[in-house]
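Visitor: I'd like to learn how to read salt bridges in a model like this one. Could you show me the structure and walk me through it?

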Amino acid sequence: MEAGEQDGGSSRGPKRARDEEGSDGGREESEAAKERSRPGPGLQLDMESQRTTVVHRVINFAPDPLPARQYDRRTTEPISFYLSGLEELLAWKPTSNDAFNVSTEALVKRRPPLDSRRPRTLVCHDMKGGYLEDRFIQGAAVRDPFVFYHWHYIDVFVYFSHHTVTIPPVVWTNAAHRNGVLMLGTFITEWTDGAKICEAFLAGGEEAYQAVAEQLAAIAQFYRFDGWLVNIENSLSVSAAWNMPHFLRYLTAQVHRLVPGGQVVWYDSILQSGELKWQNELNESNRCYFDVCDGFFTNYNWKEQHLVRTAQMAADRRPDVYVGVDVFGRGDVVSSGFETDKSLRLIREQGLSVAIFAPGWVYEYLGPADFLNNQDKFWALLSSMLPIHSVGSLPFGTTFSLGVGNKNFLDGQENWMEPWYNLSAQDVQPLYSNHRTPSGGWLRTRCCLQDAWCGGSSLLLEGAIPPHARHVTTRGLLACADCDALCPELAVTVSSLVFLLSVWGLRGVTRLFSFQMPAPPRLLVVLIYKHEAPWQAVTLAPELTTQESRSCSPGNVSALPPAPRWHRPQPLPNLPPQLAQLLKGCGRHGERGWQSRCYELEFQSCVLDELLVTVSRHQAGQGEVPFSCRLGRIWVLDAGYLHLFLPISTGGQMSPIDVAHLHWHRTSAKVLSVSLTLRWTYPPSKANCFRVHCRKGSCIRGREPPLLLIGQAHAPVYRVTELTVPEAHSETSNCLEFLVEPVPDTGIQVDAALWGKLVLVYSDPKLPSGGTGTSD
């Protein structure tokens, strides 16, 4: 698909700035949202109290096209893109129009690190040619899109397409990095055209292949992803074959130099001679490529004897060999679909890593109707052979949002009612599972799009407490029925803090999160949750376990020999001042049922091992108690760092807002709209995202127009598209006010007087125009 073909597809959005003809041109925020956003007395947003950019423009309908590579031709929305051919690759250089495509999420460090030498899991995402709804950087208004969220199982994610240079859409890089997973692009050549490309940069001297390698490394560095899958699927001439290992070695060195932790992985396709012949294993004919890069991705038509020979050839680099498994089952494969676990078991028996190709099969082949359940089923069948990853630092928090929704929620309130999809808005994801016990009790965790605290989804805990049992608990070890003896075959890694599921006395298993870190002297756990009917029957509360680190002597320890040790944190009757604003809007029984609790626990020389969420029956009884609870948000905090949760109350961080690429449109004789780009600077560590608001009206002072939420930015740049605005009249100018609200990771609102502000004064061509200025 060429660049010009990227205009097709679904409607863009969520179109928070597009309105039906005759509307007010935006979404007026709910009363609760306006109260959050509108400054109180003494904090009125005016040009004297904050740094405000003022821009004067005369309406002009002259065409001013934007670069087709970075913007959708129809709507001018920013899009992610690929490069076609060698000329585009060598001609690439970054411009200001590339700002939208730069990832704003640093790669979160996970434990154990990638070089720990345990077998790894790589996912190669190949769906319908790529660059679908995910190419719209500010989101798409689509229902039931494909979304990946089982990040805890994987180490590396490859965005694959058949374009020469596949630059991963920035929304995927943001989501992967937030969940601690490396993101690789794809450099591919194929068939006759591919052979010509390879001959052009490999058959000559080293300057040619070094230029290509340097461009690929520079692209990864600039857009902030983590390296490349190199896939050469065409025969090479003798001279090109001779230079290919040198190119691969140089590319790997350049990626390592420019991208911290970067990786280059080679796909099993050509032999050392240059012949195109898939081997389905690592052997002497293709080892020359493995020896000069970070990893080797085998073809898919292997048998068990191929794995044995590969393991012998790789020796102590077995984790660097990713054995390909095509979930669609094309060719002569061991297994595919919901039987992929058969292939994975053989791979793990040899201590090798796996490359799962096209797990989007659950969406493409089975359809979107039951996609979330089918995806959970697919990964659950593999989960026992997929080592999970642990987060290694505090504070930790998540809203469980998938980056997709039928609505959007903020503090438990419906923020807008349209379907939306934006993986940059995906939060840290848990492990999803479904467990049943012999006694009839069960507990399942799944994402739920019907209600949320923030974003588009919450984590639903549903199940039943069986007769004679007191509670169901999220936990990670399995104990034998009616006893506390731990079953060793399901023991979790020492020094991990894991959300898991169990039934009292019957100890089932499901995991949500894992941490590896020493316990702080004082730990706080904050839950925002909601009971579904019958909420009166059960209580939700956290528990923790620790492993001893020489000595461990916290209070409130339940004696569960031999280890881990159980701790029941105590609820705080009064919230610390730093958390009071954080939990504003939810109470013991809030307006929409959301509740909040803060718990504390003190430790000495312990290692955090597990965090459990317990669902208990209120009263003793013999019958089964069904339950359904939602987790909307969770924090695990070192109490010594509560100052991080103080509201931002000092100025000087938000720069003046610049405006660029301003276009006027007439959608009909009486409807005027505008598109423009807003740019600003703000410390990356201080904001998770930015809410963009707008006010429309006359420049004559009077009743203040309502504040409209028009979008959310995940970088310090936002493209306003097709915003309906009031007509300019010959008697007076009109004003548009754009306000940019930083949203910290904590979710605490930044003082409205500290938001960025741009005032666009526009007039009819018959009126004299002013200049452009900035005031403090």
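This is a predicted model: local features need pLDDT of at least 70, side-chain atom pairs count only at pLDDT 80 or more; totals for chains, interfaces and linings use all residues.

Visitor: How many salt bridges does the structure hold?

Guide: A salt bridge is a side-chain nitrogen of Lys or Arg within 4 Å of a carboxyl oxygen of Asp or Glu. The structure holds 22 of them. One pairs Glu-88 with Arg-69, at 3.6 Å from N to O.

Visitor: Where do Glu-88 and Arg-69 lie?

Guide: Helices (H or I, at least four residues) and strands (E, at least two) are DSSP runs, numbered from the N terminus. Glu-88 sits in helix H2 (residues 85-91) and Arg-69 in the loop between strand E1 (52-58) and H2, so the pair ties together parts 19 residues apart in sequence.

Visitor: Is Arg-691 buried or exposed?

Guide: Buried means under 20% relative accessible area, exposed over 50%, and partly exposed in between (1.4 Å probe, protein chains only). Arg-691 is buried at 14%. Its salt-bridge partner, at 3.1 Å from N to O, is Glu-741, which is buried at 3%.

Visitor: And what about Arg-630 and Glu-532?

Guide: Their closest N and O atoms are 2.9 Å apart in a salt bridge. Arg-630 is buried, at 8%, while Glu-532 is partly exposed, at 23%.

Notes:
Residues are numbered from 1 along each chain as its sequence is written. Side-chain values use heavy atoms; hydrogens and water are left out.
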